Amino acid sequence: MKISTRGRYGLRLLVDIAEHASDGPIALSTVAKRQKLSEKYLQQVALLLTRGGFLNSVKGSGGGYLLKDSPEQIKIYDVLDLLEGSIAFEEERDGENAIERILRLHFYRPLDEQVERLFADLTLAEVTQAAWFTYMI
Amino acid sequence: MKLSTKGRYSLQTLVYLATCTENCSIRKISEATGISSGYLEQLMIPLRRAGLVEADRGVLGGYRLSRSSITCHDVLAASEGDFHPAPCKECQKNGMCKTHQIWSLLQRAVVDFSKEVTIEELAAQLVASETGGGI
């Protein structure tokens with residue numbers, strides 16, 4: 001099981017923007033420097049997050065990206081689901097055999113439900129605050 | 001997010017083996033699962049090493065499960081290796097990484113749940129669905 005680079009970069013981008021929200025629109029070059037990530041790649045991820053309704057882009061000088069909603073309203077599960085294409089393990093394919101079907105119904109599907117329950121209430125706000133707490137220790 | 005093909009195929013292979021009452025040849029497993037014989041041979045290497053399956057040579061040879069109560073986690077740990085959703089292992093700043101806890105949460109969800117599901121209960125579901133004529 002692997003989370004894609006897109007998933008990892010996308011979350012770091014959102015967390016960075018959430019933490020510096022008081023600075024106004026944040027340029028990707030700033031995030032790239034702060035997070036030591038490639039700016040080119042961040043551009044692709046930012047575009048996806050904008051289309052997905054998590055970021056707003058502000059054009060012009062002093063432009064950059066802002067969170068579309070408050071961090072309290074952004075659910076981590078939804079972000080991962082967008083970045084990963086789908087966070088679900090269950091996948092139905094044509095011509096699945098009896099064994100695949102059993103695994104899908106009795107392992108992958110309940111596993112997805114378990115992940116969904118665990119992530120149900122986790123918001124971007126909680127992630128930034130909890131991480132800050134860890135950092136303080 | 002997906003399990004690797006290796007992980008999925010290994011689960012299928014073990015569920016099938018759990019329904020067999022005697023040794024199963026690679027050919028028979030291949031017919032039941034649709035996985036090629038060559039690939040099955042490869043899948044068996046880590047599964048044998050992890051002590052989940054054993055094999056006999058000869059006319060009545062083939063594979064069988066080595067023990068009872070094998071969980072999905074046992075299989076995935078053998079076939080997928082370390083089972084980390086994100087490559088945090090080489091990361092130098094786990095303590096203060098803002099996203100690390102998300103990956104830990106995800107990993108824990110998958111590990112904990114896959115420890116609860118046994119290959120035997122999946123095999124029982126398979127047998128029940130086949131005798132019920134459902135598939």
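Biologist: A crossing counts as left-handed if the near helix is turned anticlockwise from the far one by less than a right angle, and right-handed if clockwise. Is the crossing of α5(A) and α5(B) left-handed or right-handed?

Modeller: The crossing of α5(A) and α5(B) is right-handed. Keep in mind that this is a predicted model, where local features need pLDDT of at least 70, side-chain atom pairs count only at pLDDT 80 or more, and totals for chains, interfaces and linings use all residues. As for labels, residues are numbered from 1 along each chain as its sequence is written, while chains are lettered from A and ligands numbered from 1 in the order in which they are written.

Biologist: At roughly what angle do the axes cross?

Modeller: Roughly 140°, and the axes of α5(A), residues 98-119, and α5(B), residues 100-116, come within 10 Å. Axes here are lines fitted to C-alpha atoms, for helices over the stretch in contact, with angles from 0 to 180 degrees between N-to-C directions.

Biologist: Which residues make the contact?

Modeller: On α5(A) they are L111(A), Q114(A), V115(A) and L118(A), and on α5(B) they are L105(B), L106(B), A109(B), V110(B) and F113(B). Two residues are in contact if their C-beta atoms, placed from the backbone, lie within 7 Å.

Biologist: How many of those are nonpolar, polar or charged?

Modeller: The contact of α5(A) with α5(B) has 8 nonpolar residues, 1 polar and no charged ones. Nonpolar covers Ala, Val, Leu, Ile, Met, Phe, Trp, Tyr, Cys and Pro, charged covers Asp, Glu, Lys and Arg, and the others, Gly among them, are polar.

Biologist: OK, back up. What is the secondary structure of chain A?

Modeller: Chain A has 6 helices and 2 strands, in the order α-α-α-β-β-α-α-α. Helices (H or I, at least four residues) and strands (E, at least two) are DSSP runs, numbered from the N terminus.

Biologist: And what pattern does chain B follow?

Modeller: Chain B reads α-α-α-β-β-α-α-α, again from 6 helices and 2 strands.

Biologist: How do the strands of chain A pair?

Modeller: β1(A), residues 55-58, and β2(A), residues 64-67, are antiparallel over 4 bridges. Strands pair if DSSP finds at least two bridges between them. S57(A) sits opposite Y65(A). The two strands form a hairpin with 5 residues between them, and G60(A) in the turn has a positive phi of about 90°.

Biologist: What about the strands of chain B?

Modeller: β1(B), residues 53-56, pairs with β2(B), residues 62-65, in the antiparallel sense over 4 bridges. E54(B) is opposite R64(B). That hairpin has 5 residues between the strands, and G58(B) takes a positive phi near 100°.

Biologist: Which residues other than glycine have a positive phi?

Modeller: K36(A) is one, with phi near 55°. S69(B) is another, with phi near 60°. Most residues other than glycine have a negative phi.

Biologist: Where do K36(A) and S69(B) sit?

Modeller: K36(A) is in the loop between α2 (28-35) and α3 (39-51) of chain A. S69(B) is in the loop between β2 and α4 (72-80) of chain B.

Biologist: Is K36(A) buried or exposed?

Modeller: Exposed, because K36(A) has 8 other C-beta atoms within 10 Å. S69(B) counts as exposed too, with 10 C-beta neighbours inside 10 Å. Buried takes 20 or more other C-beta atoms within 10 Å of the residue's own, exposed 12 or fewer, and partly exposed lies in between; C-beta atoms are placed from the backbone.

Biologist: What share of chain A is buried?

Modeller: Of its 137 residues, 32%. For chain B, with 135 residues, the share is 33%.

Biologist: And the core? Which residues touch the most other members?

Modeller: The largest nonpolar core has 66 residues, and L13(A), L14(A), L14(B), V15(B), V75(B) and I119(B) touch the most other members. Helix α5(A) gives the most to this core, 8 residues. A nonpolar core is a set of buried Ala, Val, Leu, Ile, Met, Phe, Trp, Tyr and Cys residues joined through C-beta atoms within 7 Å.

Biologist: What is I119(B) in contact with?

Modeller: Leaving aside neighbours within four places in sequence, I119(B) is in contact with L14(B), V15(B), A18(B), I70(B), C72(B) and V75(B).

Biologist: Last one: where is L11(B)?

Modeller: L11(B) lies in helix α1 of chain B, residues 5-19. L11(B) counts as buried because 25 C-beta neighbours fall inside 10 Å. Beyond neighbours within four places in sequence, L11(B) is in contact with L103(A), C72(B) and V75(B). The C-alpha atoms of L11(B) and L122(B) are separated by 9.8 Å, with the two residues 111 apart along the chain.
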